[in-house]
Amino acid sequence: MKKTLILGTRRSQLALAQSEYIRDRLVRAHPGLSVSFRPIITEGDKSQTVDVPLPPTGLKGLWTFEMEQLLESGDIDIAVHSLKDVPTLMGQQFVIAAIPEREDRADVLISRDNVSFFDLPPGVTVGTSSLRRGAQILRARPDLRVEVIRGNVDTRLKKLDDHRGTFAAIVLAAAGLSRLGLSGRITEYFSEEVMVPSAGQGALAVQCLREREEVVRLLAPIHHSPTGIETTAERAFTDGLGAGCNAAVGASARVLEGGLLSIVTRCLSNDGSSVIDFSETAPVGDAERLGRELAARVVGREDGVHLIAASHG
């Protein structure tokens, strides 16, 4: 058995916390295994320094490209990502060998004065870097303003806490706050009726080269099958739409008792004025088919074609 794994991780506090979680799971599964970190700065990290929207759809590889290069060169053995940042189309040489049990998938509101979402005064500004979140904020509260806020979690919280700033509230993922021990900052958890999460939100992905069979075997014990099934359906839906990181699309699947899988999906115009919601249930073995069939139903609608074109636009 390989005695040492080199783990590629981004340098942010959240990325390091996620990598520590994976390291601890691996060491528990394989006593005697050593895991060392190789911190990496990605193009996505560099883009966090400016309050402008993310680049056009299809550039999710901003968060993964550098790590994949190091996997191919052998400088690292495994890479840890937030699954929602991993493109649905990867090079055939790569494999997501483990998806551990996901954290809370919900989106959450953090408001400056601990005011709930529907009690925010009309006209105040809510910060997010996600068009999906922004569209759903405007769908539920068209009287609010949505502005881009960038940076790591700590940076965004500082911008919110600055009383000279423009933000009355920000929207983040519950999972990241939990991993950083910051759940106490949460004002409100959004229900999926208000905000459907991003495909794969709350889940981590451990990536390696497909040909590294020994590494693939080492990762197998930390894979969580229900999370893998759920995220397969979610990612199949977004892949079926051709939806990238700038698309206003959400998908959330859950494994149920009796071998069933439920999924809710949402596709919105960027201003939240138009929305297509679907929900369906199927056997867990049909996870990918279920996601793709729902995507086909969206694409098959005239308003669905317009929404997808707008979200890419």
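Begin by selecting strand β5, residues 107-111, together with β9, and you will find that the two pair in the antiparallel sense over two bridges. Within this pairing, look for Val108, which stands opposite Tyr189 in β9. Keep in mind, as you go, that this is a predicted model.

Now widen the selection to the open sheet of five strands, whose order is β7-β6-β8-β5-β9 and whose pairing is mixed. Its edge strands are β7 (145-147) and β9 (188-189), each of which pairs on one side only.

Next, turn to the largest nonpolar core, which has 20 residues; Ala233, Phe237, Leu241, Leu261, Ile263, Cys267 and Val298 are the ones that touch the most other members. Several elements supply at least two residues each, among them α8 (225-241), β12 (260-268) and α10 (302-312), while α9 gives the most, with five residues. Apart from this core lies another, of 18 residues, including Leu33, Val80, Val95 and Leu204.

Finally, colour the chain by pLDDT, which averages 90, with 89% of the residues scoring at least 70. Select residues 51-59, where the pLDDT is below 50, although this stretch has 25 contacts in the model beyond near neighbours in sequence. Where pLDDT is low, the predicted coordinates should not be read in detail.

Methods
Residues numbered from 1 in each chain as written. Predicted model: local features only at pLDDT ≥ 70, side-chain atom pairs only at ≥ 80, totals over all residues. Heavy atoms only, no water. Core = buried A, V, L, I, M, F, W, Y, C linked by side-chain atoms within 4.5 Å. Buried < 20%, exposed > 50% of the residue type's maximum accessible area, 1.4 Å probe, protein only. Helix = DSSP H or I, 4+ residues; strand = E, 2+ residues; numbered from the N terminus. pLDDT = per-residue confidence, 0-100. Contact = heavy atoms within 4.5 Å. Pairing = 2+ DSSP bridges.
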